[in-house]
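Open the model in your viewer and keep the selection panel at hand. The stops below say what to pick next and what is there.

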Amino acid sequence: MSKIRSLQQKLIRGDLSATELTQAYLDAIARDGQTLNAYISTTPELALETAAKVDAKLRAGETLAPLEGVPMALKDNICTQGVRTTCASRMLDNYVPIYNATVWELLRAQNTPMLGKCNMDEFAMGSTCENSYIGGAKNPHDLSRVAGGSSGGSASAVAGGLAAWTLGSDTGGSIRQPASFCGLVGLKPTYGAVSRYGLVAFASSLDQIGPLATCVEDAALVFDAISQRDARDMTSRGAREPALPRLHDGVQGKRIGIADEFFDGAQPDVVQAVTAGAKLLEAQGAELVKVSFPRLKYALPVYYILACAEASSNLSRYDGIRYGTSVDTANDLDDMICRSRSEGFGAEVKRRILLGTFVLSSGYFDAYYHKARLLKESLIRELERDVFAHCDMLLTPTVPMTALKSGQALSPVGTYLTDICTVSANIAGLPALSVPCGKDVEGLPIGLQLIGKHFEDAQLLAAGYAFETASAGSFLTSLEMGCRL
Amino acid sequence: MFTEAELKKIIGLAKLYVDDAELPELARELESTVAFAGQVAGAEVEPAAKEPGAPLSALRDDVIAPSLDRALILENARKAENGFFVAGGGGK
């Protein structure tokens, strides 16, 4: 059952007040927050102030909005007026936004108590959350393992019972991969379905905000709340339709594509669990269709060229003048800018800025950036012609493996390879959903990914719901271990 | 293989400083990521991909709207004077 609905029912029935519910989560954060390292900042006053408004509405007999009164948290790259927004970077350690992201405006209007801002990889660059300047978030299923990245704190908080749901951002898999590692549902909406206004930019043509939750219904509830057209984001179109009314549509007659390329090199128990998940959907009336996506092998290099190029441009705004870390002494303006950036950015961010600068530099632009742009178009056309012309959605593993050990030294390229199944959806702007589908031999969660057509987010969530219902929620491992409320 | 001069040029364009002692390790890392990215060189591009794609932006009329408050914007500034950002290290 929906955690959000179940908690809200408790409020409506008077089993507990919104203030008591919020305080219970704050107590859980006080108890387990340090262990999981899921939060960069907590905002107890703000959360309790919002909860008090909900209690007043309940006393007055007013109807609650779908998310009202249920405590949540935001990834720390979503701007919150008056609340520190660090992007897990020394560069923005003391940055306090003067405006709210559109998603936060929409949620505030529903009186959602915000418990705090979640840990992440610095500027959303990473797959383990270990690139955070405060250290990585832990995986509640096994504290010796990473929560994933870059939205690792958002995943750890929900899986560890430190928030009912959270928002993350996804540029190459940063919602879906930690959702998979932590046994949660994670949705990357269609590019343009959710406003990016107030999301600190990493790679603007790929970034998208979305929910991490304990079940598909909660992801749908949050998606409906945040997917609106926004004049302040020129790429925003809003959702084609709300997801909740279609949640029970099922998968009868839906064609689900399976492409072998996504399974190559995956951990055997991941292949087994995802294949079993496909069979479960087939048993619900879906038709499994073999498709082929040979250009998948180019998706990661294309992604890293484009993402790093955009990052090098987007992060050029951090000059130590208008906001962010700034050195006290410098010889001249250029010296001050270079020193501020060198002190403020961490190693992975610098690495990606340098790669982005390289592929955009004279002499290399055509061979790398321009070629990647053309390949991006080729990938999109191949997906349209060879995949989505034959099926309604694509089923893949979310990640080829389960959660990595903390501190497991992978080379930068080795880390990038963990994104092989997720980046295509970002490159093509498609919606993609990760749902838990099993556990590996060590009991770690495995995620199954469904990728849909543009603006078919509702259909995707309906398929995810059908899978979750058919599996009787048996893979929702977060429920086993900490979501006490 | 990056020469030291090429590496320093990229570092300069990126507005970063890197200690000379760190250059060899950085060169190795960058070479490995550039080699990874370089897989695109051998990839065949579909002829149709060279045609301009649909614009990402949903175009709409420009509307004049109030800007953010100048005093608030300056609150995050390293240094501000007479309503302006103060730029430059100034040899302090």
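Start with the charged pairs. Over all chains, the count comes to 30 salt bridges, a salt bridge being a side-chain nitrogen of Lys or Arg within 4 Å of a carboxyl oxygen of Asp or Glu. This is a predicted model, in which local features need pLDDT of at least 70 and side-chain atom pairs count only at pLDDT 80 or more, while totals for chains, interfaces and linings use all residues. Residues are numbered from 1 along each chain as its sequence is written, chains are lettered from A and ligands numbered from 1 in the order in which they are written, and side-chain values use heavy atoms, with hydrogens and water left out.

**Stop 1: helices 1 and 7 of chain A**

Select A:Glu217 and A:Arg5. They form a salt bridge, with the closest N and O atoms 2.4 Å apart. A:Glu217 sits in helix 7 (residues 216–226) of chain A and A:Arg5 in helix 1 (residues 3–13) of chain A, so the pair ties together parts that are 212 residues apart in sequence. Helices (H or I, at least four residues) and strands (E, at least two) are DSSP runs, numbered from the N terminus.

Now show both helices whole. The axes of helix 1 and helix 7 of chain A come within 7 Å and cross at roughly 80 degrees. That makes the two helices roughly perpendicular, the word used for 65 to 115 degrees. Axes are lines fitted to C-alpha atoms, for helices over the stretch in contact, and angles run from 0 to 180 degrees between N-to-C directions.

Which residues of helix 1 of chain A meet helix 7 of chain A? Pick A:Lys3, A:Ile4 and A:Arg5; across from them are A:Glu217, A:Asp218, A:Leu221 and A:Val222. Contact means heavy atoms within 4.5 Å. Ala, Val, Leu, Ile, Met, Phe, Trp, Tyr, Cys and Pro count as nonpolar, Asp, Glu, Lys and Arg as charged, and the others, Gly among them, as polar.

**Stop 2: helices 8 and 15 of chain A**

Select residues 268–283 and 457–470 of chain A. These are helix 8 and helix 15, packed at an angle of about 100 degrees with their axes 10 Å apart. They are therefore roughly perpendicular to each other. A:Gly277, A:Leu280 and A:Leu281 in helix 8 meet A:Ala463, A:Phe467 and A:Ala470 in helix 15. By class, that contact has five nonpolar residues, one polar and no charged.

**Stop 3: two backbone details**

Most residues other than glycine have a negative phi, and most peptide bonds are trans. Go to A:Gly149 and A:Ser150. The peptide bond between them is cis, with omega near 5 degrees. A:Ser150 lies in the loop between strand 5 (142–146) and helix 5 (152–159) of chain A.

Next, pick A:Cys129. Its phi is positive, about 75 degrees, although it is not a glycine. Look for A:Cys129 in the loop between strand 3 (114–118) and strand 4 (138–139) of chain A.

**Stop 4: helices 1 and 2 of chain B**

Switch to chain B. Helix 1 (residues 4–13) and helix 2 (residues 23–37) of chain B have axes that come within 11 Å and cross at roughly 80 degrees. From helix 1, select B:Glu4, B:Leu7, B:Lys8, B:Ile10 and B:Ile11; they meet B:Leu23, B:Leu26, B:Ala27 and B:Leu30 in helix 2. Seven of the contact residues are nonpolar, none polar and two charged.

**Stop 5: where the chains meet**

Show both chains. The contact takes 68 residues from chain A and 50 residues from chain B. Between chain A and chain B there are four salt bridges. One to zoom in on is A:Arg385 with B:Glu46, where the closest N and O atoms are 2.8 Å apart. Finish on helix 12 of chain A: ten residues, the largest share of the side of chain A that touches chain B, come from there.

Methods: Parallel < 35°, antiparallel > 145°, perpendicular 65-115°, else oblique.
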